[in-house]
Amino acid sequence: MDNDLITLFPNFDPALVDKIKQSGTVKEFPAGTTLMTTGQYFRSTMLVTKGRIKLYRQGSDGGEFFMYYLEPGNACALSMICAAKKEASEVMAKAVEDTEVIAVPIEMMDDLMIKHKSWYYFVLDTYRSRYEELLVMIDNIAFKAMDERLELYLESQFRKLNVREFKITHGEIASDLGSSREVISRLLKKMEQKGDLLMHRNSIEWLRAG
């Protein structure tokens, strides 16, 4: 835990790192595990140290509306809010890769905010980052066509993961973008024909330079 905290959360002061080491709990979740459900009350907030978590809203018809991903070095702003105010979650969260988090008990929240400025600024920065991501998502939905949204989505995924190929299905992309599998498959085929990417079974290889 020590190395993960220092490496992934470099702005945490030494006393804060010690406090989290003493009271935090390392938890591991296999890919596909649901970490958060609508209506759930929190006993802790999560600092992500490994893997990737998808946050989304689920409609009454079972459809999913993608919000954003949490990756190593991130924290769940919504769990911070719900934990601090003792409110139920209004979103879902699922591990899309084998994931490890440090669970920080809600009983520590007020104390950390008061005694550790590095935690206070980390919470503010976490809120800001998630808010900016939601603004980008809203702008894309409101002002961009689906082909543009797909290209921006893929560019973002490859940049964040720092890979040339990653596993994802057309259905998963469609779910994240609020589209249909048929539309996404057609647009991916066009991008493949232009030489932007190669489609493999359940994975996509990025060919664009940069």
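**Salt bridges and a helix contact in the predicted model**

D125 and R128 lie three residues apart in helix α5, which spans residues 117-143, and this spacing places them about one helical turn from each other. In this predicted model, the two residues form a salt bridge in which the closest N and O atoms are 2.3 Å apart. Both partners are partly exposed: the relative accessible area of D125 is 35%, and R128 has a relative accessibility of 39%.

K189 is partly exposed, at 41% relative accessibility.

A salt bridge is also found between D196 and K194, whose closest N and O atoms are 3.8 Å apart. D196 is counted as buried because its relative accessibility of 11% is under the 20% limit, whereas K194 is counted as exposed because its value of 56% is over 50%. Through salt bridges with shared partners, D196 and K194 are joined with E151, E155 and R208 in one network.

Helix α8 also takes part in a contact with helix α6 (residues 146-161); the axes of the two helices come within 10 Å and cross at roughly 70°. The two helices are therefore roughly perpendicular to each other, as the crossing angle falls in the range of 65 to 115 degrees. On the α6 side, the contact is made by M146, D147, L150, E151 and L154. The α8 side contributes V183, I184, L187, L188 and M191. Classified by residue type, the contact between α6 and α8 comprises eight nonpolar residues and two charged residues, with no polar residues. E151, one of the contact residues of α6, is also a member of the salt-bridge network that includes K194 and D196.

Another helix, α7, covers residues 170-177 and contains E172. This residue is partly exposed, with a relative accessibility of 42%. E172 and N202 are 30 residues apart along the chain, and their C-alpha atoms are separated by 9.9 Å.

Technical notes
Residues are numbered from 1 along each chain as its sequence is written. This is a predicted model: local features need pLDDT of at least 70, side-chain atom pairs count only at pLDDT 80 or more; totals for chains, interfaces and linings use all residues. Side-chain values use heavy atoms; hydrogens and water are left out. A salt bridge is a side-chain nitrogen of Lys or Arg within 4 Å of a carboxyl oxygen of Asp or Glu. Helices (H or I, at least four residues) and strands (E, at least two) are DSSP runs, numbered from the N terminus. Buried means under 20% relative accessible area, exposed over 50%, partly exposed in between (1.4 Å probe, protein chains only). Axes are lines fitted to C-alpha atoms, for helices over the stretch in contact, and angles run from 0 to 180 degrees between N-to-C directions. Angles under 35 degrees count as roughly parallel, over 145 as roughly antiparallel, 65 to 115 as roughly perpendicular and the rest as oblique. Contact means heavy atoms within 4.5 Å. Ala, Val, Leu, Ile, Met, Phe, Trp, Tyr, Cys and Pro count as nonpolar, Asp, Glu, Lys and Arg as charged, and the others, Gly among them, as polar.
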